[in-house]
Amino acid sequence: MTAPTQPAGTIAITEQAPVLLGHLAGFVGHRTIAVGLRSGLIKTLADAPGGLSADPLADRLGLDPWYVAVWCRSAFGAGILDRAADRYVLAPHIETLLLDTSSPAYVGGVFLVLEQREVFDQFEASLSSGDRMWWNECSPEWIDSVSGTGTPFYTRLIPGGLANIPGLTDALAAGCRIVDTACGAGVGLVRLAAAYPNCELVGVDGDQHSIELASKRVTEAGVADRVTLVCSPLERMDLTATPATVIINNISMHECRDIDTVTRNVTAGLEPGGWFVISDFPFPDSDQGLRSVPGRVMSGIQFFEAQIDDQLLPRAVYDDLLTRHGYREIGSAVLTPMHAITYGRR
Ligand SMILES: C[S@@+](CC[C@H](N)C(=O)[O-])C[C@H]1O[C@@H](n2cnc3c(N)ncnc32)[C@H](O)[C@@H]1O
């Protein structure tokens, strides 16, 4: 990779061209994976541990064998398939990484989210108008695929990520009130209810469709009796009637139009000594970070964020936020290069 500070003219075109070719290859790999996820090709190979050649693979899914052979070759090139003779198998850990939505390492959802029109197509269409939108204008497919991206964040947070926070695990085990602010489609509420059976939960989200999905999900999980759902912007949320011990926000704090107003509402809704836990993408705050692979993926997410009038934030912004609002015992933990938590006590 070229150092950001390298002066123009000191690099040969033959060194610069591979930078672009790498992007082309990445695009091909990305599209190959997304097609493989949507069509069931990757799932079918996961279910055939001895591997399959293209013809029986096509046959199992009722797909065209010639096209499937083209897909297999590209997936082999992208490193997601291995092959022995004419049989293709998933490369090590690919099943976990792309299909296992319960794994903390799951990244399959990110491929599907980046393929949605809300990311690049709509950004490009609005490039001159600068039109903004909000969640209620997004498609149900978008909301579904965002929930798929948020799922491994919850998996890492509950219970492992929360266990980094001194004193919190004991409070959760004993039973307390937890609020998931910007709960989206309710994946976190179900996870919290399962991990902490003595706790009562509240989910707040500003998008009515997401609240309806959350309601369906908590009912299906059999935990609706412990969950209250509220449709409200976090900027107007009032939790003071029954203060909570823990208030969580997963991959949404950066989206708030006014993080200070939201933090004031969170603080007012916490018991003295209660915890505010912000789980989010740590957007790079350096040139080097922007050119890292996680930084580049997060820059992709920024195309959507821009359209809802925000941007992912560097993690240190949350240290300042919690300090400004008088929190104590402020701490943070990096869970992956694209996931960090920041927390403090009221
Ligand atoms: C990226 S999704 C994350 C949802 C969920 N936490 C997850 O991880 O699956 C962001 C959610 O935040 C909600 N949201 C964003 N800004 C909000 C605000 N200011 N007030 C209430 N909800 C908000 C959106 O409606 C959406 O459901």
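Q: In this predicted model, which residue places a polar side-chain atom 2.6 Å from an oxygen atom of the ligand?
A: The ligand is surrounded by 21 residues, and the closest are A182, D205, L234, E235 and N250. A pair of N or O atoms counts as a polar contact within 3.5 Å. At 2.6 Å from an oxygen atom of the ligand, the polar side-chain atom belongs to D205.

Q: Which residues bring a backbone N or O atom to a nitrogen atom of the ligand?
A: One such backbone atom lies 3.0 Å from a ligand nitrogen atom and belongs to G206. Another lies 2.9 Å from a nitrogen atom of the ligand and belongs to L234. The residues asked for are therefore, under the 3.5 Å cut-off for polar contacts, G206 and L234.

Q: How much of the area that the ligand exposes when taken alone does the protein bury?
A: Taken alone, the ligand exposes 590 Å². Of that area, the share buried by the protein is 96%.

Q: Which helix supplies the largest share of the shell around the ligand?
A: By class, the shell holds ten nonpolar, seven polar and four charged residues. The largest share amounts to three residues and comes from the helix spanning residues 140-161, namely α8.

Q: Which pocket corresponds to the space taken by the ligand, and what is its volume?
A: The ligand takes the space of the second largest pocket. The lining of this pocket comprises 39 residues, with W135, A182, I251, S252 and E255 closest to its centre. The volume of the second largest pocket is about 670 Å³.

Q: Which helix gives the most residues to the lining of the second largest pocket?
A: Each of α6, α8 and α14 supplies at least two residues of this lining. The lining divides into 21 nonpolar, twelve polar and six charged residues. With eight residues, the helix that gives the most is α8.

Q: What is the volume of the largest pocket?
A: The largest pocket has 35 lining residues, and those nearest its centre are H30, F111, L114, R296 and V297. The elements α1 (13-39), α6 (108-114), α7 (120-125), α8 and α14 (293-307) each supply at least two residues of the lining. In class terms, this lining has 18 nonpolar, eleven polar and six charged residues. The volume of the largest pocket is about 1200 Å³.

Q: Which strand gives the most residues to the lining of the largest cavity?
A: The structure holds one cavity of 30 Å³ or more. The largest cavity is lined by I278, S279, D280, F281, P282, R315, Y318, A340 and T342. Two or more residues of this lining come from each of β7 (270-280) and β9 (339-345). The strand that gives the most, with three residues, is β7.

Q: Where is the proline of the cis peptide bond from I158 to P159 found?
A: Most peptide bonds are trans. The bond from I158 to P159 is cis, with omega near 0°. As for its location, P159 is found in helix α8.

Q: What is the phi of H93, which is not a glycine?
A: Most residues other than glycine have a negative phi. H93 lies in the loop between β2 (87-90) and α5 (94-99). Although H93 is not a glycine, its phi is positive, at about 70°.

Terms used. Residues are numbered from 1 along each chain as its sequence is written. This is a predicted model: local features need pLDDT of at least 70, side-chain atom pairs count only at pLDDT 80 or more; totals for chains, interfaces and linings use all residues. Side-chain values use heavy atoms; hydrogens and water are left out. A residue is near a molecule or strand if one of its heavy atoms lies within 4 Å of it. A polar contact is a pair of N or O atoms within 3.5 Å; within protein, one must be able to donate a hydrogen and the other to accept it, and residues adjacent in sequence count only if both atoms are side-chain atoms. Accessible areas come from the Shrake-Rupley method with a 1.4 Å probe; for residues, only the protein chains shown count as cover. On a 1 Å grid over the protein atoms alone, a cavity is a set of points where a 1.4 Å probe fits but cannot get out, and a pocket is an open set with protein on both sides within 12 Å along at least five of seven lines; lining residues have an atom within 4 Å of a point. A molecule sits in a cavity or pocket if more than half of its atoms lie within 2 Å of its grid points. Helices (H or I, at least four residues) and strands (E, at least two) are DSSP runs, numbered from the N terminus. Ala, Val, Leu, Ile, Met, Phe, Trp, Tyr, Cys and Pro count as nonpolar, Asp, Glu, Lys and Arg as charged, and the others, Gly among them, as polar. Grid points are joined across faces, edges and corners, and a volume is the space filled by probe spheres set on the points.
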